[in-house]
Amino acid sequence: MSGKRDIAIQLSGVKKMYKLGQIGGGTLRGDLESWWARKRGKEDPNTKIGQKERLKGQTFMALNGIDLTVYQGEALGIIGANGAGKSTMLKLLSRVTAPTEGTIDIYGRIASMLEVGTGFNREMTGRENIYMNGAILGMTKAEIDAKMEDIIDFSEVREFIDTPVKRYSSGMYVKLAFSVAAHLDNEIMIMDEVLAVGDMAFQKKCLTKMREAANKEGRTVLYVSHNMNTIRQLCDRCIVLDQGKIIFDGNVEEAIEMYLGISNTSDTTVLLEYLPREKWVKNDSAIMKRLKIDSDNSYFSFGKSIKAEMIIHGYKYNTDVILKVFLLYNGVAVTTMETSPSIKLEKDQDTEIHFELQLGRLAPAKYTMKLVLCRRNGMGGIEYLDVLMDSYMFEILEPENFHQNQKWSMNNNGFVVGEDIKIFS
Amino acid sequence: MTKEIDKHHVHITSESKWFELNLKEAWKYKDLIVLFTKRNFTLTYKQTILGPLWIFINPFITSIMYTLVFGNIANIGTDGIPHLLFYLTGNAIWTFFAGCVNRNSHTFTANANVFGKVYFPRLTVPVSNVLYGAIQFFVQMIMICVFLVYYVLKGVVSPNWMEWLFIPIILIHLGILGMGVGIVVSSLTTKYRDLGFLVSFGVQLWMYGTPIVYPLSQIGDGLLKQAIMINPVTMPIELFRKAVLGQGIIIPQYLMLSWVITIMLAVFGIMLFNRIEKTFMDTV
């Protein structure tokens, strides 16, 4: 490598505008009518009453002036709330759609994985799909042949490779799809939460593979995720997008803190309703709207408690719900607390609750808070109403003379600080 | 490594060029074209017992039906050519053309899912559709040859064997024309779905405006004949029939006109296609 780092991707002044509302008339007749009316200076017959002109001027800037330079061999994480413009950015880079303004320069072939198994056809066998998927992603048949064995090995589905993929389990499907993408020779890899599926062991294998691609093979990786933990593991640089702009660019930890902080209007109010939701939760019966932490900052003393207020909105019916608070360290749940008694929600009403989380003897470290709203259903099971993965981040500070002034290691010393051992004689 | 990467430099701006036929890029993806063509076969004959035999059965049954309806009931003459052979040839070449139009008219809507996720030269899809049709056509030609040999030995038909050399050119001609029409329709269907319904119906109608179930010689002079002659599909089909069956009316001016229309449609189609492919994901 030369002293000057080589650029892989350069975006300058990139904007992407979307029209809001219905795009086009939908029917040729409607558009012709409107066009004809405008020609004659008459009123547009398709205009709704009270609207001046059909959705004119109602546009939405998905990206609003992005300047970014990514160097070769970098693993760049992209985070931001839903609608911040992450996916739009990846779409522009993968050349799926063109920018409204600005220029993009890409040095190298791009392998975009905006979805696992693009072009996979259910009727075709695993092997046929490897050829198809590889070719769509830009490999020639000779290149695929050369890598076929590696791909099959990595995918862990060798036995089923000549079976149509419609007979695959969803896990196998994802493994195969990722394996193809991971074995591309392309210089730049773009991934949009493709790791969100598949089992933990395979996820880890994929992350390792991607890390290697960036570190050893000098490839450039762009990775979008809501899972802060995978961002931490994979990326060495991170940008935070908010309303179509880059608001932070740099260190991964700082970016994550920034991201978990943006959702706050003041330092300690988190607008939960705008945070990304887990896809499997329906969110049609209740939603957590706001979390207000009763503190000026996000630092808490060891052994104290966090006082907070939350506003929950109920949609469908009057019901009793339970709020569960998971405290996570590096993506691993350390403890779970739940409300008791349950919270009474009223239909179409905001309910405000005040609560206190006892930190007990949790070790001093940075924690993220996962919030789950659930209720008992008639069958005695639990129905999840709303789930928020990374909603708030805080740090428990070390008390004075803690642990003989040695660094407390979460890996070696554990998550809970034990009580001092009493000596009786 | 730097040199290697410079080769792959891509510059993206908001402007879209009106005419950009990126054949070099499409050529790089030739393996993809082959795979798309293969996929068409795999998917068409998946879970069928007879499989690719349908390539023979389909036109055979259609031709028998034409023989009954147009030949025996409506009593339309075929210039002395045996009915079955006449309809088999007509059907083979028309199926090729209609297939190019039909399959390509769904390029964007049918592949929205893939197009929306990854970039590859979009033109690979229409090209592979035409190839798929061409392969089907050649397979059908085998069946036609069997019948042809039988009738030639009986002395009923006398093909112009030298003119068989034109068949590839006829296929290219109809392929470009069909693809041109198809991609114009597919580009427009991204915005107006109405056209999707119109096209299969339109292609049916078009067949009756083309000498497929009747020979051109059966049409008396007049406005109708004029219209059929202007139809850009007519001349290539007569050319094909003249080669295979030895009967056909070729008028060079109209053949030229057909080529002019074909090229104009293709250029217009590619222009539209280029325009649409950059941003169609926002409208589809």
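Biologist: In β1(B), which residue is the bridge partner of Ile104(A)?

Modeller: The partner is Ile12(B). This is a predicted model, in which local features need pLDDT of at least 70, side-chain atom pairs count only at pLDDT 80 or more, and totals for chains, interfaces and linings use all residues. Residues are numbered from 1 along each chain as its sequence is written, with chains lettered from A and ligands numbered from 1 in the order in which they are written.

Biologist: In what sense do β4 of chain A and β1(B) pair?

Modeller: Two strands pair if DSSP finds at least two bridges between them. Helices (H or I, at least four residues) and strands (E, at least two) are DSSP runs, numbered from the N terminus. Here β4 (residues 101–107) of chain A pairs with β1(B) in the antiparallel sense, over four bridges.

Biologist: How many residues of chain B are in contact with chain A?

Modeller: Contact means C-beta atoms, placed from the backbone, within 7 Å. By that rule, 32 residues of chain B touch 39 residues of chain A. α3(B) gives the most to chain B's side, with six residues.

Biologist: At what angle do α9 and α12 of chain B pack?

Modeller: Axes are lines fitted to C-alpha atoms, for helices over the stretch in contact, and angles run from 0 to 180 degrees between N-to-C directions. α9 (residues 167–189) and α12 (residues 234–245) of chain B pack at about 160 degrees, axes 10 Å apart. α9(B) and α12(B) are therefore roughly antiparallel (over 145 degrees).

Biologist: Which residues meet there?

Modeller: Ile167(B), Ile170(B), His173(B) and Leu174(B) in α9(B) meet Pro236(B), Leu239(B), Phe240(B) and Ala243(B) in α12(B).

Notes. Two residues are in contact if their C-beta atoms, placed from the backbone, lie within 7 Å. Angles under 35 degrees count as roughly parallel, over 145 as roughly antiparallel, 65 to 115 as roughly perpendicular and the rest as oblique.
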